[in-house]
Amino acid sequence: MPRLATLDALRLIAALAVAAFHLTVSWRIDGRNEPEYFLPHLTHVTVYGFLGVEVFFLISGFVIGMSSWNRGLGEFFTSRVSRLYPAYWICILITATVVTLAPIAGGVPVAGTPGLREIAVNLTMLQEPLGVGSIDTVYWTLFVELRFYLLFAALAAFGLTYRRVVLFCAIWMTVAAIGPMIGSRAVQVLAIPEYAPYFIAGVAAFLIHRFGRSPLLFGIVGFSWLVSVQRVSDRVGTVQPGFHVPVWPGVLIVTLGYAAVLIIALGWTDRIRWRWLTTAGALTYPFYLLHQRLGYTFIRHTYEATRLPAWALVLGAVLSILGLSWLVYRLVEKPLAGWLRSGLRKSFADLRSASALDAIRAGAGPRGPEVPRQVREGRLVRSAGAREER
């Protein structure tokens, strides 16, 4: 299935919204004054930028369904690892280097210099369950994504079909809706009740895009939206920027996110194929990983040196980090992802070959079998794997 440029555009908008929230609202530019002091009007708009994360999760549900269909569990694992880890590794190293060489403190949600142990644990992306702090607080969303991948991988192990995916969405939504009432830590961790509706709606939207309109699928998306409205109301209530934050704009933003994904699912934007959107979408992930602490560092030190207006500092930080993100994507993420993908595919091919060889030997008795040359060389199983990947 061809890449959807409008999904990349929506992803970029979500990333810029999150960056706007972090760089204008969630910290104090000079370490003392509240955000409204420097940007009295802008902050009342950008305060809702954190909801870009919810849009990310909507898009993720759609993309995972699209990229996993007709692929086996091995290829699903390969695609996710090669997509997430290369950029993540280099962005951790960049962030750790910058905050070590040019530290800032006061008025920031995350400060300090990470040690080697902290960096090493963060490289696994499992720092939260391992009880180690994240080098950058934006990494919390990655563990949410990993749990979604785990659930979807369990489904992919049985093979993805329309019926199974619909049943998966229905069961997951039920567990996510009633999970908070149960009080079970396991349900809370695995079912991700706070964000499950977004992933589920994204998966259902993909099914609409692939198989066509269906009252059942529209019902799943609609029910997910209703649950999301309540969840986003709670989320907005937790934001404390120093001024009153009405809930209704947050509900409107999430509703527009659902509408945008549905419009894409219905094929109304299929003719939009601007290549620059694909490139922009590729920058989104490294930009998201880098923007917070690097943005804080850039703005704070530049402000102390120049006293430039806050809007100019924020704009300069965003443009600089977009440029750095492009370099990360072109020079590191793209080649490293290709190398990692090839290595994982070869490993899975070797695993299938070894399993086939072991099965033949087990079925031939104590004397051992006459193993076909194709199996010994791994060509037979690799050919099957290649057909599966296509």
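Tutor: Rings of Phe, Tyr and Trp, with the six-membered ring taken for Trp, form a pair if their centres lie within 6.5 Å. Keep in mind that this is a predicted model.

Student: How many aromatic pairs does a search of the whole structure find?

Tutor: The search finds 26 aromatic pairs.

Student: What describes a pair of aromatic rings?

Tutor: The distance of the centres and the angle of the planes describe it. Take Tyr 37 and Phe 38: their ring centres are 5.0 Å apart and their planes stand at 85°, so this pair is edge-to-face. The cut-off behind that label is an angle over 60 degrees.

Student: Are Tyr 37 and Phe 38 buried or exposed?

Tutor: Tyr 37 has 56% relative accessibility and counts as exposed, whereas Phe 38, at 18%, counts as buried. The limits are under 20% for buried and over 50% for exposed.

Student: How are the rings of Phe 148 and Phe 152 arranged?

Tutor: Their centres are 5.9 Å apart and their planes are at 55°, so the pair is tilted.

Student: Where do Phe 148 and Phe 152 lie in the chain?

Tutor: Both belong to helix H7, residues 140-156. They are four residues apart, which is about one turn of the helix. Phe 148 has 0% relative accessibility and counts as buried; Phe 152 also counts as buried, at 0%.

Student: Which residues do ring pairs link into a cluster with Phe 148 and Phe 152?

Tutor: The cluster also holds Phe 57, Phe 76, Trp 140, Tyr 149, Phe 168, Trp 172, Tyr 195 and Phe 199.

Student: Now the whole fold. How many helices and strands does the protein have?

Tutor: The protein has 16 helices and zero strands. Its radius of gyration is 23 Å, close to the 21 Å that the globule rule gives for 390 residues, so the protein is as compact as a globular protein of that length. The C-alpha trace spans about 80 × 50 × 45 Å along its principal axes.

Student: What share of the contacts joins residues 24 or more positions apart?

Tutor: Among contacts with a separation of 6 or more, such residues account for 77%. As for burial, 49% of the 390 residues count as buried.

Student: What can be said of the surface and the charges?

Tutor: The accessible surface comes to about 18,700 Å², and carbon and sulfur atoms make up 64% of that area. There are 36 positive and 21 negative charges, and their mean positions are 8 Å apart.

Conventions
Residues numbered from 1 in each chain as written. Predicted model: local features only at pLDDT ≥ 70, side-chain atom pairs only at ≥ 80, totals over all residues. Heavy atoms only, no water. Helix = DSSP H or I, 4+ residues; strand = E, 2+ residues; numbered from the N terminus. Rg over C-alpha atoms; globule rule 2.2 N^0.38 Å. Buried < 20%, exposed > 50% of the residue type's maximum accessible area, 1.4 Å probe, protein only. Contact = heavy atoms within 4.5 Å. Areas by Shrake-Rupley, 256 points an atom, 1.4 Å probe, with all protein chains shown as cover. Lys, Arg positive; Asp, Glu negative; His and termini not counted. Charge placed at Lys NZ, Arg CZ, Asp CG, Glu CD. Phe/Tyr/Trp six-rings, centres within 6.5 Å; stacked < 30°, edge-to-face > 60°.
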